[in-house]
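Here is a short briefing to read alongside the model. Take a look at the structure first, and then we can walk through its salt bridges and its nonpolar cores together.

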Amino acid sequence: MLRPFLTFLAASVAAPVMAQGPAIPNGQSTDCLLRVNPTPSSWIIKGHDPFSGTIPEGTFGVTFINEGGAECRFTPRFELNPPPFGLSKGTGRPVAYSLVNLTDTRDVTPRAGRSVAFASQSEMELKPRESRSILYKLVADPAHISGSGTFTQDVTLEAQDKQFRSLGGAPLVLGLNVLPSARIGLSGTYTMNDGQAFVNLGELKEGVAPLLLNLLVSSTGDYDILVSSANSGQLRLGSSQWSVPYSIAIGGTGVNLAGPRTVSGTSKSRRPGLIRDALPIDFIIGDVSKKRAGVYSDVISVTVTAR
């Protein structure tokens, strides 16, 4: 009676070994094993000039690779890490943006913390060892740009199944690089002649010329104004030696035109957004006594540089 009992035990122990089946070649998993490979790992819109009139946007790709032995069925979704929503450089208001899946033109922007799940949205299907690439367009809102620098947001791109379980994912940095930029213009009493602004000072009298003229400055931040005079601060009568000395003031800051001079500008308004200043330009006329009659003139060059 003892031997049959021992034989029965040996058969019971051997049974699980027989159930393992043949070995899987090359160590391949029998599950869905998904790898998410963004290209590049940082999606940065580079070198945007906020005064160019263009929309800041860029197109980026991601490849989904099934490295397992079973089919993968999933939907790509973006999640903030962490909230709140918006591209930021740590200070100032964030820059709003949108993300669009160019395969089906679906908006996948994680405005509420994650991409919205649509009932009609079809799943991606990847067979074992199959891969597929998707292009996304990142578009930043130019109206929300408040200065120069790099504005970013950390997100995670996840492949989720119908139960919102993650089958794989990858961290991403979304961003916008804004160049330091500035523009200038004029408002007030002037005319244009061959692409140059012509300012008529009227009859020359010593003192401040009765003229309304503003230098309009648009900038991504504090700025410097470089002023130079072709005649080194002299209104000259044609090619003669007759001249009248003068200087100018921009935004209340006097400028000696004997050589190139820089006026450091700081925005008069610190409201959120790009700087837009209107700086009065005053012309201060020197001694005009015993001067020959005629038309006296000079050419002033004004440039602005954002810091």
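**Salt bridges and cores**

Arg132 counts as partly exposed, with a relative accessibility of 34%. Its side chain meets that of Glu130 in a salt bridge, 3.7 Å from N to O, and Glu130 is likewise partly exposed, at 27%. Please keep in mind that this is a predicted model.

**Salt bridges**

- A search of the whole structure turns up twelve salt bridges.
- Arg35 pairs with Glu67, and their closest N and O atoms are 2.7 Å apart.
- That pair links distant parts of the chain, 32 residues apart: Arg35 sits in strand E1 (residues 34-39), and Glu67 in the loop between strand E3 (57-66) and strand E4 (72-80).
- Arg35 is partly exposed at 37% relative accessibility, and Glu67 is partly exposed at 27%.
- Arg307 and Asp224 also form a salt bridge through their side chains (3.1 Å, N to O).
- Arg307 lies in the segment after strand E23 (300-306) and Asp224 in strand E16 (residues 223-229), so this pair ties together parts 83 residues apart in sequence.
- A network of salt bridges links Glu71, Arg73, Glu123 and Glu125.

**Nonpolar cores**

- The largest nonpolar core holds 34 residues, and Trp43, Phe64 and Phe78 have the most contacts inside it.
- Strand E10 (residues 166-178) gives the most to this core, with five residues.
- Another core, of 27 residues, lies apart from it and includes Leu215, Ile225, Leu279 and Phe283.
- Leaving aside residues up to four places away in sequence, Phe78 touches residues including Trp43, Leu99, Tyr136 and Leu172.

Terms used
Residues are numbered from 1 along each chain as its sequence is written. This is a predicted model: local features need pLDDT of at least 70, side-chain atom pairs count only at pLDDT 80 or more; totals for chains, interfaces and linings use all residues. Side-chain values use heavy atoms; hydrogens and water are left out. A nonpolar core is a set of buried Ala, Val, Leu, Ile, Met, Phe, Trp, Tyr and Cys residues joined through side-chain atoms within 4.5 Å. Buried means under 20% relative accessible area, exposed over 50%, partly exposed in between (1.4 Å probe, protein chains only). Helices (H or I, at least four residues) and strands (E, at least two) are DSSP runs, numbered from the N terminus. Contact means heavy atoms within 4.5 Å. A salt bridge is a side-chain nitrogen of Lys or Arg within 4 Å of a carboxyl oxygen of Asp or Glu.
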